[in-house]
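Let's take a walk through this one together. Have a look at the fold below before reading on.

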Amino acid sequence: MKDASKIFLLIAGYPESLLNFRGPLLRALVAKGLEVHVAAPDLPPNSMIRQKLEGLGVRVHEVALKRTGMNPLADMTTVYQLWCLMRRIKPDFSLGYTIKPVIYGNIAAWLAGVPSRFALITGLGYAFQGEGGQRSWLKRIVQGLYRMALGKVHRVFFQNPDDEALFHSLGITNKSDRKTVVVNGSGIDVSRFAVAPLPKVTQFLLIARLLGDKGVREYVKAATMVRQQYPCVRFGLVGWIDDNPNAIGEDELEHWIESGDVQFYGRLADVKPVIAESSIYVLPSYREGTPRTVLEAMAMGRPIITTDAPGCRETVVDGDNGFLVPVKSVDELAIAMLKFVEQPELIIRMGKRSRQIAEEKYDVDKVNAHMLREMGIK
């Protein structure tokens, strides 16, 4: 029986993610017969994203929400706007993902009396990575806010078991109440990200926001080391400089481009062509939820080099569909890259395994079905 009379509200901090990361979930909710609403910033009436969402049968609401920054007045405005929205549309279910929608969305949902409240932890971000200085006090504030908000939800979804264990150890969530669930990332549409033929020239690729915590510097340094031995090997970099304290500087990026060791593609709306041009996907991140770009590359039949870090290690069986390297180790990263350069048969074998794992473990329909069951949506 479909939940035809039920209303579902999804809260996001980044409007593009509603289509790129949650599009299949929205379609699944609509297919279940729910009246689906989304709330996010930067969605004016003439927005292309808004029009595409409405084309899916979703009702769109623009709210004031700054994804970064710690301005109490602005954040309280977000809570108030979300509370007003919820009092007006009266959702039966609410789900927030990324830090501010999780925290402020669930506080507003609790105040508004939303019957079923959920949170999706897609990664821990700047505040949880590194120690000392600004991060220490920020971490304490964020942990306190998480503890307050997640104490008011009915299910907390994590994308890897390390994040779940960390939240339990910090007392943000309680293992004994059994309301936390681990899902296999956001999933990947394995039909949309189809296997692509391998290029003739060996090319590595990294797609990421240009942050230090994504391992971008390690990638470039390892690329320089490999190209000293094999100058014909190519290294692609896709991304953009984020409004984040850990962002790569413009001057640093320009230096990398001028060196000729990496080819910078900028920010791409569609990453499938650049993945198709690559042989091996690399993500030397310090910590992730479950990295979407890795799943996209796996679905397209590419072997993976990533770090033995939370979220990243779940995507690779070392020596099977790629290699795991220590966080921040440029030398080990370069060694893993050289294995593919010097043993190109590994690219074919490990790429096939990546596709198989994507189909078996990360198919978006399987991931969304798991979440819907846990939310009591039938």
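Leaving aside its neighbours within four places in sequence, which residues is Y219 in contact with? Keep in mind that you're looking at a predicted model. With those sequence neighbours set aside, Y219 is in contact with F204, L205, L206, F235, G236, V262, V282, P284, L333 and M337.

As background, nonpolar side chains tend to be buried together in soluble globular proteins.

Now zoom out to the whole protein chain. Its secondary structure comes to 14 helices and 13 strands. Of the contacts with a separation of 6 or more, 71% are between residues 24 or more positions apart. Buried residues make up 55% of the 378 in the chain.

What about overall dimensions? The C-alpha trace spans about 65 × 50 × 45 Å along its principal axes. A compact globule of 378 residues would have a radius of gyration near 21 Å, and the protein chain has 21 Å, so the two agree.

The protein chain exposes about 16,200 Å², with carbon and sulfur atoms supplying 53% of that. As for charge, there are 48 positive and 41 negative ones, and their mean positions are 7 Å apart.

Methods
Residues numbered from 1 in each chain as written. Predicted model: local features only at pLDDT ≥ 70, side-chain atom pairs only at ≥ 80, totals over all residues. Heavy atoms only, no water. Contact = heavy atoms within 4.5 Å. Helix = DSSP H or I, 4+ residues; strand = E, 2+ residues; numbered from the N terminus. Rg over C-alpha atoms; globule rule 2.2 N^0.38 Å. Buried < 20%, exposed > 50% of the residue type's maximum accessible area, 1.4 Å probe, protein only. Areas by Shrake-Rupley, 256 points an atom, 1.4 Å probe, with all protein chains shown as cover. Lys, Arg positive; Asp, Glu negative; His and termini not counted. Charge placed at Lys NZ, Arg CZ, Asp CG, Glu CD.
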